[in-house]
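Here is a short briefing on one model. It covers a sheet, the helices against it and one further helix.

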Amino acid sequence: MNPTLSPRTASGAAEATRPASPALRGSAAVDTALVEGPRTLRRLPEGEDPRPYELFEVRPLGSLIGAEIHGIDLREEIDEELRAELNRALLEFKVIFFRDQPIDSARQQEIARLWGELETNPFIDQGDDAHIARFAKGEAPPSYENVWHTDVTWREAPALGAVLRLVEVPPVGGDTMWADMAAAYDNLPEDVKERIEGRTAVHDVIPGFSRFLDEERLLEWQDRFPPVEHPVVRTHPETGRRTLFVNVSFTTRIVGMDEAESDELLRFLFQQAHTPEFQVRFRWERNSVAFWDNRATQHYAVNDYHPHPRVAERVAIVGDRPF
């Protein structure tokens, strides 16, 4: 009969006879720019509670970004009270939509002017007025717009926002998507937030437009629009929220980093707009209108309607210098 083993001896004996645990094979992801897991999804600044809307009905299109506004007619006067409540909806949902609004381009401009002066864009075809950017597609496959971007960040003061309406809607396809870049910032890993804190990035008109405009036209304008620097993370001037402010169309490098490090980090940051929880997708109908906050979003025009025509007119509102 074997003698009784002390606890220490018994433990050692057990360890001696237990088979070794298999080593876990390498599990590093190829790309960690987007990983699964919970997301922080908040429409409003931290600590601010939602309030009801009194002058119209708001129908959110998701838990985070995008809402349809019902119960008002954009052909009628927008007084200061209504304008203020619409602005509150714009700040909360980042992009607001209106259905069944048979307005013309003159009224479109009148509405946009309630938020500020209108800007022109020399790189895009004009409509009936210099302030109307006209996107007429259909005869050839669309060559741009189907990339996540923020408008005119190559300006010293990028647009505050824009009002868009479709003059001609294709029978299928042609949706537009928007991404909430405040949520994109909220969900960055803490070490990435530390790396970009206080950093600026260069924005340049040439890279985004050189893929579809001829060199002669770009040479005509490049001296007028030299590269500019903006914060990698801007502070929204009305809400105070921090918003990721780089985009693949116009952001070329992060100041103070070598090229390899800057490219690697920018690719990571560009990917954040691709997270579906941060997005809304709008299906256009005749007489639909969209109004988005260009300071807080990126957008993407889906290229899936060729050879059907799609004609859109955009009126952009002059913004401020990001800080």
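The expected span of a helix is 1.5 Å times one less than its number of residues. Helices (H or I, at least four residues) and strands (E, at least two) are DSSP runs, numbered from the N terminus. This is a predicted model: local features need pLDDT of at least 70, side-chain atom pairs count only at pLDDT 80 or more, and totals for chains, interfaces and linings use all residues. Residues are numbered from 1 along each chain as its sequence is written, and side-chain values use heavy atoms, with hydrogens and water left out.

**Helix 8**

- Helix 8 (residues 259-270) has twelve residues, so at 1.5 Å a residue it should span 16 Å; its end C-alpha atoms are 16 Å apart, which agrees.
- At its start, a side-chain oxygen of aspartate 258 comes within 3.3 Å of the backbone nitrogen of alanine 260.
- Ser262, Leu265, Leu266, Phe268, Leu269 and Phe270 of helix 8 are buried (under 20% relative accessible area, 1.4 Å probe, protein chains only).
- Their cover includes helix 5 (190-196), strand 10 (242-244) and strand 11 (251-254).

- Seven strands make an open, mixed sheet in the order 1-2-3-13-5-15-4; two strands pair if DSSP finds at least two bridges between them.
- Strand 1 (57-60) and strand 4 (132-137) are the edges: each has a single partner strand, so one side of each lacks a neighbour in the sheet.
- From one strand to the next, the twist averages 25°.

**Strand pairing**

- Strand 1 runs antiparallel to strand 2 (residues 67-70), joined by four bridges; valine 58 sits opposite isoleucine 69.
- Strand 2 and strand 3 are parallel, with three bridges; alanine 67 has isoleucine 96 as its bridge partner.
- Strand 3 and strand 13 are antiparallel, with four bridges; phenylalanine 98 is partnered by valine 289.
- On strand 3, Val95 and Phe97 point one way, Ile96 and Phe98 the other, and all are buried.

- Helix 3 (residues 105-113) lies across strand 4, strand 5 (161-168) and strand 15 (310-317), at about 30° to strand 15.

How values were computed: Axes fitted to C-alpha atoms, helices over the stretch in contact; angles between N-to-C directions. Contact = heavy atoms within 4.5 Å. Buried < 20%, exposed > 50% of the residue type's maximum accessible area, 1.4 Å probe, protein only. Polar contact = N/O pair within 3.5 Å; in protein donor to acceptor, adjacent residues only side chain to side chain.
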